[in-house]
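Here is a short report on a two-chain model.

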Amino acid sequence: MAIKINHLSYVYLQKTPNEVQALHDISFEIPEGKITSIVGHTGSGKSTLIQTLNGLIAPTSGSIEISDFIVTSNLKKLKKIKELRKHVSIVFQFPEYQLFEETVEKDVAFGLRNYGYKDEDAIKKAHEALSKVGIDKSFYKRSPFELSGGEKRRVAIAGIIVLEPDVLILDEPTAGLDPQGSEVILNLIKEFNKQGKTIIIVTHDMNIVLNRSDHVVVLNEGKLAFSGTPSDLFAGDVSSYSIDIPALFSFALLLKEHGVGVDISKIKNVDDLAAQLKGLK
Amino acid sequence: MNNLTFGRYVPFNTVVHRLDPRNKILMMILLLVSIFFRVSTWSTALILTGFQFLILIGIMLLAHVSFKSLFKSLSMMWILILFLMIIYIFIPNPAYNADHIAFHIGNYAVNYDAFVQAGYIIFRLVMMIMITMILTSTTKPMDLTYALEWYMTPLKIVRFPSHIVAMTLSIALRFIPTLLDETQRIMKAQSSRGVDFNHGGLIRRVRALISLVIPLFVSAISRSEELSNAMEARGYDPYGKRSRYRILSFHFVDLVGFVFVVAIFGAMLTFLILDKKYMNVDFIYWIFHAKPNF
């Protein structure tokens with residue numbers, strides 16, 4: 001079942017001089033089992049939106065439907081909030097800062113133990129999750145603070161996926177990583193998606209939007225600016241959203257301006273463009 | 001979480017906000033001291049304290065200090081209030097009137113005066129909180145540290161590193177909101193891993209707290225290292241001479257405010273001296289009999 005967001009609004013510090021409306025009455029759907037990107041400028045409400053999705057903050061008005069759960073302004077009504085958080089998990093930006101246990105395996109198992117798993121079962125599952133994110137066995141007994149940045153992040157992600165959420169939200173999962181590290185994380189995300197999980201990625205990287213996502217949502221000053229496929233987004237006018245157009249699209253748009261008959265809405269990668277160019281006479 | 005932010009600076013533009021912070025600190029000290037002047041007659045004490053209380057309410061209204069956050073901070077204090085109550089009730093005091101017995105607990109007689117005494121001290125405590133709240137919610141933390149540094153300037157003669165103290169203080173203050181945000185962020189991240197900070201037994205809660213405190217320390221230490229490197233990279237020298245972007249200045253309103261506070265202080269002091277000199281100045285008696293008993 002898709003995630004339905006109905007007339008969602010959120011106001012920070014309501015009734016104070018510092019009041020900020022982060023989200024203005026937004027409604028859209030996030031398709032199930034797909035990779036959805038949420039993009040927008042800094043302060044556009046992306047982080048607020050994802051935090052309402054698993055009930056970390058209660059919306060000021062409006063509601064969110066995620067399978068059996070309905071998040072409204074009154075979180076107390078939602079009795080199974082812990083269940084919701086297991087169902088919808090967030091990997092925050094720079095998740096390596098939330099590591100704290102003595103060893104890598106203990107840190108990954110920590111989440112499971114909060115959900116009442118026994119120590120041995122939790123450790124066993126933690127090992128599975130760690131191998132999924134490509135952390136070598138020799139690291140399991142080491143302190144997470146000894147690892148490199150990319151490794152720490154993979155351990156932190158393992159700490160979330162070990163809960164086996166159906167919806168996985170990642171806030172800028174590649175921020176601050178080198179290209180290789182980013183690639184590893186993005187491939188991991190693709191793997192989870194293949195296992196049928198719904199993925200939501202908050203990002204500023206338009207190449208992730210174009211190459212890795214099935215659906216894209218654009219927020220602009222707390223309002224919904226666009227919801228659709230990445231190709232449709234870049235084929236339209238994006239100048240007012242302060243987002244970059246990927247190099248491939250800039251090139252295709254230039255070709256089109258110069259009278260080359262390419263169909264931008266059908267381009268997803270270099271191969272599509274090459275195929276179209278080959279087909280031209 | 002919002003409890004932690006009580007007394008935080010709220011940027012309204014009122015007369016109280018515009019006062020010179022040095023002046024505000026001095027005024028606060030005078031008001032605090034005057035609250036603890038204690039006259040020996042109950043009726044006079046009550047009238048004087050009530051008068052101060054009304055003035056404080058007036059200042060709070062003038063400065064747009066929220067009463068809600070005052071109540072919130074008071075609700076955090078209930079353990080202290082309870083503790084005070086118990087101390088006053090169970091510690092015998094020869095000054096209590098032996099006829100004013102409220103009830104007995106076993107053989108121990110609980111005196112009415114004990115309740116009055118406890119109520120009086122709690123009342124003054126509340127006023128103390130009101131005063132400090134007025135100061136902190138109308139003054140930017142940076143201005144407060146500048147003012148403190150200004151007061152510490154004379155200590156330079158004895159080579160007291162007033163600048164370093166002020167810098168340390170201002171950095172500490174500057175990091176409070178950052179660390180609060182960080183705390184909130186980590187709490188959210190750990191909640192995503194199923195940590196429940198609000199429910200569960202003691203062991204669970206301590207465990208939950210560990211998952212918050214360790215990452216908080218790690219990030220605070222790495223932040224402080226980054227900050228000190230950044231400061232050194234820009235040539236910071238704690239002993240160097242420096243100018244200041246914001247210059248504190250004393251205006252006419254400051255004078256008015258100061259005179260007002262000094263007047264209150266003076267009035268309270270006069271009553272105290274009269275009280276000590278003539279013993280038992282009864283304000284009520286003055287009003288209704290117009291013949292002072294001295």
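## Chain B and its partner

Among contacts in chain B between residues at least 6 apart in sequence, 74% join residues at least 24 apart. The model is predicted. Chain B holds eleven helices and two strands. Along the sequence they run α-α-α-α-α-β-β-α-α-α-α-α-α. Of the 294 residues in chain B, 37% are buried. Its accessible surface is about 17700 Å², and 70% of that belongs to carbon and sulfur atoms.

**The interface.** The size of an interface is often given as the accessible area lost when the parts come together. Here chain A and chain B bury about 2100 Å² between them. Carbon and sulfur atoms account for 55% of it. In chain A, Y97(A), F100(A) and F110(A) lose the most area to chain B. Together they give 27% of what that side buries. By contact, 28 residues of chain A meet 20 residues of chain B.

Eight residue pairs are in polar contact between chain A and chain B, both residues being at pLDDT 80 or more. On the side of chain A that touches chain B, α2 (81-87), β6 (88-91), α3 (104-114) and α5 (149-161) each give two or more residues. The largest share, five residues, comes from α3(A). That side divides into 14 nonpolar, nine polar and five charged residues.

**Salt bridges.** The count over all chains is 13 salt bridges. Two of them lie between chain A and chain B.

| Pair | Distance |
|---|---|
| E101(A) and R207(B) | 2.8 Å |
| D107(A) and R193(B) | 3.0 Å |
| E96(A) and R153(A) | 3.0 Å |
| R185(B) and E182(B) | 3.8 Å |

The D107(A) and R193(B) bridge crosses between chains. D107(A) is in helix α3 of chain A, while R193(B) is in the loop between α8 (162-192) and α9 (202-233) of chain B. D107(A) is buried at 1% relative accessibility, and R193(B) is buried at 2%.

Another bridge stays within chain A, joining E96(A) and R153(A). E96(A) lies in the loop between β6 and α3 and R153(A) in helix α5, so the pair ties together parts 57 residues apart in sequence. E96(A) is buried, with a relative accessible area of 14%. R153(A) is buried too, at 1%.

In chain B, R185(B) and E182(B) both lie in helix α8, three residues apart, about one turn of the helix. R185(B) is partly exposed at 26%, whereas E182(B) is buried at 5%. Salt bridges with shared partners join E182(B), R185(B) and R223(B) into one network.

Notes:
Residues numbered from 1 in each chain as written. Chains lettered and ligands numbered in written order. Predicted model: local features only at pLDDT ≥ 70, side-chain atom pairs only at ≥ 80, totals over all residues. Heavy atoms only, no water. Contact = heavy atoms within 4.5 Å. Buried area = accessible area lost by both parts, 1.4 Å probe. Salt bridge = Lys/Arg side-chain N within 4 Å of Asp/Glu carboxyl O. Polar contact = N/O pair within 3.5 Å; in protein donor to acceptor, adjacent residues only side chain to side chain. Helix = DSSP H or I, 4+ residues; strand = E, 2+ residues; numbered from the N terminus. Nonpolar A, V, L, I, M, F, W, Y, C, P; charged D, E, K, R; others polar. Buried < 20%, exposed > 50% of the residue type's maximum accessible area, 1.4 Å probe, protein only. Areas by Shrake-Rupley, 256 points an atom, 1.4 Å probe, with all protein chains shown as cover.
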